[in-house]
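Work through the exercises below with the sequence and the model at hand. Each task is followed by a solution in steps.

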Amino acid sequence: MRTDKEPIYPVEPWEVTETAFFKKETARGDNGFSAIERNNYRNETTFALSNGYIGTRGTFEEAYDFDIDTGLEGNFINGFYESGRIRYGEANFGSPLRSQSLLNLPNLKETLLYADGEQFRMDEGTVTEYARTLRMKEGTLERSLIWTSPGGRRIRIRIGRLVSFEKRHILAIRYEAEPLNFDGELTFVSRLQADVENHTRKTNPIVDYGPFGRRLEPLRLTAEERRLYYEGITKGSRLTMGCGSSHRLWLDGKPAGARESYETGELEASVSLTLAVRKGETAALEKMICYLDGEVSMRRAEELLAEAEATGYGGLKERQRACMDHFWETAGIDIEGAGADALRQGLHFNLFHIFQSAGRDGRTGMGAKGLSGEGYEGHYFWDTEMYVMPVFIYTEPGVAKALLDYRYAKLPEARDRARVLGHDKGALFPWRTINGEEASTYYPLGTAQYHINGDIAYALCLYFQVTGDVEYLKEKGAELLIETARVWADVGSFAECRGGKYCICSVTGPDEYNVLVDNNFYTNLTARENLRNASRAVRYLREHAPERMEELERRLDFSQEETVLWDRIAENMYFPYDEKRGIYPMDDGFLMRKPWDESKIPPEKRAWLYENYHPLFIMRHRMSKQADAVLGMYLYGNYFTEEEIRRNYDFYQEVTLHHSSLSTCIFGIVASGIGYREEAYRYFSQSARMDLDDYHDNFYAGIHAANMAGTWQAVINGFAGVRCQDSGLSFRPYLPEDWDAYAFCLRYRGRRLRVRIERERAEFTLLEGERIEFWINGRRAAIEQEGGSFVEAL
Ligand code: BGC
């Protein structure tokens with residue numbers, strides 16, 4: 001991956017600002033696009049806003065007609081997908097037959113401004129004092145500029161936008177225009193555009209999958225009383241959605257009248273509001289937009305809009321700030337030191353995006369791209385459990401719980417899937433999905449990643465460890481653990497040729513360049529922990545909630561005898577081991593594979609192996625796309641000595657190409673633990689700015705949520721060495737060479753702890769909650785009461 005990029009945006013810790021706007025006439029480069037056209041597509045992701053329910057890309061109100069390579073108007077509802085028959089040349093038994101794609105929905109942001117008939121467009125006339133800024137402390141996007149029309153009219157324009165955390169259906173825009181050198185008429189034309197389709201060919205170029213053409217059938221379209229409303233149903237998945245907008249005008253802060261007119265077509269509607277404005281006065285259009293799905297009606301939309309109007313843009317903005325304050329208070333990481341601003345900006349950007357992307361209603365998850373674009377069809381992967389959830393578990397446990405609820409809600413689909421795969425009992429979660437069914441068409445890189453079961457179990461157990469929420473264990477957790485464990489107990493066998501150890505064959509681990517392997521180290525490790533924890537959960541319920549246990553036994557046709565087998569498997573799990581090197585090969589065949597010779601691969605193909613080489617060519621080489629065994633050693637470090645981890649790290653460091661964005665943050669964390677501090681810092685710096693500087697050149701398709709969250713882990717679990725296991729919460733902190741100090745907060749069992757690490761001391765302050773005990777560098781420490789501190793010399 002590249003690390004040599006200059007910052008794309010000015011370095012400011014809490015803001016991301018675009019200082020140039022696109023212009024059609026800009027000279028085109030070799031690839032046929034001007035730099036700014038290319039930047040536009042990327043910047044739409046940078047400035048994407050969401051709240052876990054609705055998401056909107058950072059496109060302009062003027063609705064420029066970018067083409068498929070330069071821009072994508074995108075508006076989404078989490079979990080709202082279209083499906084269609086998947087076309088296979090050759091399908092195997094159990095291949096998913098219906099696709100799932102996050103559907104691009106009608107756009108209501110479009111707002112055109114006319115000054116005495118001249119239409120504001122940034123590619124006509126001249127634009128000065130331009131800035132478009134993502135304000136991460138406030139949770140808003142703001143654009144300001146002065147436009148001089150071809151006819152010489154000068155107008156100051158300020159546009160604010162937010163997707164409300166408090167009112168999850170609401171996207172709000174405040175559009176201000178102030179004539180600077182004329183008195184005249186201003187017209188705002190607010191439009192609803194329902195002629196939309198996904199950019200499937202662009203965001204998913206190597207597969208024939210996804211929604212093609214317009215997939216929403218209109219059920220209703222109206223424009224009246226300063227309101228626009230649309231209702232539609234998907235052609236394939238038969239899901240219904242509605243969206244609407246309401247409009248209020250202000251002149252110098254007072255409600256203003258206007259000449260109104262309306263237009264409706266088959267797929268679009270608009271309302272025009274015209275008012276007279278004098279030089280120096282400010283006309284403001286406040287536009288509330290709502291999206292809803294499920295129980296949809298125009299009345300419901302009107303209610304939502306009326307509520308939002310009553311709060312007003314100013315009120316929504318204040319509450320947005322309060323939500324962000326609450327988030328930053330715990331999730332923020334303060335880094336002190338010269339030159340830390342670039343990293344702070346990267347961290348804030350990453351945390352902001354994951355915070356806004358996570359589903360919070362228990363019926364939706366979080367896409368690998370959040371709600372920022374169409375990449376990966378909007379699917380949810382293990383990225384959520386292994387990368388994102390730990391951040392929420394320690395900072396916003398309610399969000400983590402809602403994401404676990406989503407998995408729990410999808411147990412029925414996971415059970416069905418297990419049956420398709422030949423398991424009589426238990427549940428197998430899909431590798432990628434929206435509605436809970438498997439959506440991956442290529443099983444070697446999809447369904448074969450059985451580790452997803454172990455990943456969900458891992459996140460669940462971390463949630464229990466950190467929050468102590470035993471009620472959740474009784475209510476949902478135990479069932480999830482039992483059902484996932486049952487598949488592990490069926491998928492492998494005690495193999496005679498491996499001394500009777502339990503082997504799991506034909507799976508794909510996290511590393512997607514070594515597929516359908518036997519005994520993937522990571523898979524066997526997570527399977528073992530899943531089995532152990534399921535067994536513990538059963539013992540716990542038997543003792544503390546026998547009625548619930550009985551209910552589960554009846555409903556799941558579960559016998560506690562099953563745990564005898566689980567324990568036996570856990571005790572006898574097989575792990576490939578190479579005596580000579582003293583390392584755990586990623587799988588049984590890894591060391592037999594042909595050494596990778598990068599010099600034989602032309603530079604332009606190196607990062608795009610699946611696009612340029614047959615899978616067999618890739619699989620036969622001894623190299624790795626991303627952290628796999630090393631990830632296992634991070635998660636379950638307590639089973640390995642530091643020396644062992646170092647040997648393995650050294651080995652994998654040589655063979656890992658980091659072609660997945662999920663890799664560097666993990667290597668950084670492990671490097672921290674074994675004292676490779678410079679390397680840890682280098683990896684951390686890459687992950688911190690990976691998306692902001694677009695290292696992978698594909699940010700246009702959406703954020704890399706896993707890496708974004710992994711950056712937080714690289715500081716907390718890497719530099720500060722935080723772990724939470726049976727023995728409790730522990731720290732092994734150090735201060736990176738380039739910093740003067742860093743500080744962060746953690747939530748742990750109802751408490752909030754602030755940690756500040758300096759060169760020679762670590763200070764812990766109990767901000768909220770009762771007496772806390774923890775471990776620091778292997779020694780026990782305690783803070784007796786709220787407000788108290790503990791200092792450890794480093
Ligand atoms: C990675 C997977 C990841 C997926 C979605 C792939 O490139 O190899 O581990 O889940 O992207 O982010």
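Predicted model: local features only at pLDDT ≥ 70, side-chain atom pairs only at ≥ 80, totals over all residues.

**Exercise 1.** Count the cavities of 30 Å³ or more and describe the lining of the largest cavity.

Solution. 
Step 1: there are five cavities of 30 Å³ or more.
Step 2: the volume of the largest cavity is about 60 Å³.
Step 3: its lining consists of T59, E61, R132, L141, E142, R143, I159, G160 and R161.
Step 4: sorted by class, the lining of the largest cavity has five charged, two polar and two nonpolar residues.
Step 5: at least two lining residues come from β10 (140-148), and at least two from β11 (154-163).

**Exercise 2.** Give the strand order of the open sheet formed by five strands, and state which strands are at its edges.

Solution. 
Step 1: the order is β8-β7-β13-β19-β18, with antiparallel pairing.
Step 2: β8 (118-119) and β18 (259-264) are the edge strands, since each pairs on one side only.
Step 3: β18 pairs with β19 (residues 268-277) in the antiparallel sense, over six bridges.
Step 4: within this pairing, Y262 stands opposite V271 in β19.

**Exercise 3.** E225 and N777 have positive phi values. Where does each lie, and is each exposed or partly exposed?

Solution. 
Step 1: most residues other than glycine have a negative phi.
Step 2: E225, which is not a glycine, has a positive phi near 45 degrees. N777, also not a glycine, has a positive phi of about 45 degrees.
Step 3: E225 sits in the loop between β14 (216-224) and β15 (227-234). N777 sits in the loop between β31 (772-776) and β32 (779-783).
Step 4: the relative accessible area of E225 is 66%. Exposed means over 50%, so E225 is exposed.
Step 5: N777 has a relative accessible area of 26% and is therefore partly exposed.

How values were computed:
Residues numbered from 1 in each chain as written. Heavy atoms only, no water. 1 Å grid on protein atoms, 1.4 Å probe; cavity = no way out; pocket = protein on both sides within 12 Å on 5 of 7 lines; lining within 4 Å. Points joined across faces, edges and corners; volume = space filled by probe spheres on them. Helix = DSSP H or I, 4+ residues; strand = E, 2+ residues; numbered from the N terminus. Nonpolar A, V, L, I, M, F, W, Y, C, P; charged D, E, K, R; others polar. Pairing = 2+ DSSP bridges. Buried < 20%, exposed > 50% of the residue type's maximum accessible area, 1.4 Å probe, protein only.
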